[in-house]
Amino acid sequence: MTSLNLDERFWCTYFPTTLDRNARTWFKILRPGSIYNFAQLKSLFLTNFMQLQKYKGDSHSIIGCKQKEGESVREYFTRFINATLDVPGHDEGLISGAFTWGLLPSPLSQKLMGKKPHT
C-alpha cells in the first residue's frame with residue numbers, strides 16, 4: 001500500500017474498514033473516545049496482534065534440523081526444505097552443509113561427506 005499524505009482523520013476512518021474477524025471484534029470493543037490519534041491506534045493494534053506474526057527462522061533453525069530415527073531421507077528432505085523456507089536470505093553453502101550434517105549415518109551421508117580419513 002502506498003503511504004499518502006492524508007489527514008489523520010482519514011486514516012482513523014479508513015482503518016476499521018480493512019479489518020476482519022478477530023481484528024474487527026477487537027476494534028469494536030475499544031471504548032469510544034479512548035483513541036486520540038492514529039499513532040496510538042496503530043501502537044495498540046500492533047501490541048495486541050504482534051504475537052500472531054509468523055516466526056522467521058534463522059541459521060540455527062536450519063542447522064538444528066536433523067533426521068530422526070526411523071525417518072526416511074525423503075521425509076527428512078521435505079521437513080528440511082520447509083525449515084529453510086522460513087529463513088530469509090539463507091546461504092546455499094550453509095543449506096547443503098546443514099542438510100548433510102543432519103543426516104543419520106548411512107551410505108548416503110558417507111557419500112555426501114566424502115571419504116573417511118584412514119589415519
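Student: How many aromatic pairs does the structure hold?

Tutor: The structure holds four aromatic pairs, where rings of Phe, Tyr and Trp (its six-membered ring) pair if their centres lie within 6.5 Å, and where planes under 30 degrees apart count as stacked, over 60 as edge-to-face and the rest as tilted. One of them joins Y76 and F99, which are stacked at 5.0 Å centre to centre, with 15° between the planes. This is a predicted model, in which local features need pLDDT of at least 70 and side-chain atom pairs count only at pLDDT 80 or more, while totals for chains, interfaces and linings use all residues. Residues are numbered from 1 along each chain as its sequence is written, and side-chain values use heavy atoms, with hydrogens and water left out.

Student: Which helices hold Y76 and F99?

Tutor: Helices (H or I, at least four residues) and strands (E, at least two) are DSSP runs, numbered from the N terminus. Y76 sits in helix α5 (residues 73–85) and F99 in helix α6 (residues 92–102), so that the pair links distant parts of the chain, 23 residues apart.

Student: Is Y76 buried or exposed, and what of F99?

Tutor: Buried means under 20% relative accessible area, exposed over 50%, and partly exposed in between (1.4 Å probe, protein chains only). Y76 is buried, because its relative accessible area is 0%, and F99 also counts as buried, because its relative accessibility is 15%.

Student: What geometry does the pair of F77 and F99 have?

Tutor: F77 and F99 form an edge-to-face pair, at 5.7 Å centre to centre and with 90° between the planes. This pair, too, links distant parts of the chain, with F77 in helix α5 and F99 in helix α6, 22 residues apart. F77 counts as partly exposed, because its relative accessibility is 43%. Y76, F77, F80 and F99 form one aromatic cluster.

Student: How many helices and strands does the protein have?

Tutor: The secondary structure comes to seven helices and zero strands, and 23% of the 119 residues of the protein count as buried. Contact means heavy atoms within 4.5 Å; among contacts with a separation of 6 or more, 46% are between residues 24 or more positions apart.

Student: Where in the protein is confidence lowest, and where is it highest?

Tutor: The scale here is pLDDT, the predictor's confidence in each residue, from 0 to 100. Its mean over the protein is 75, and 77% of the residues reach 70 or more. Confidence is lowest in helix α7 (residues 107–113), at a mean of 71, and highest in α5, at 85.
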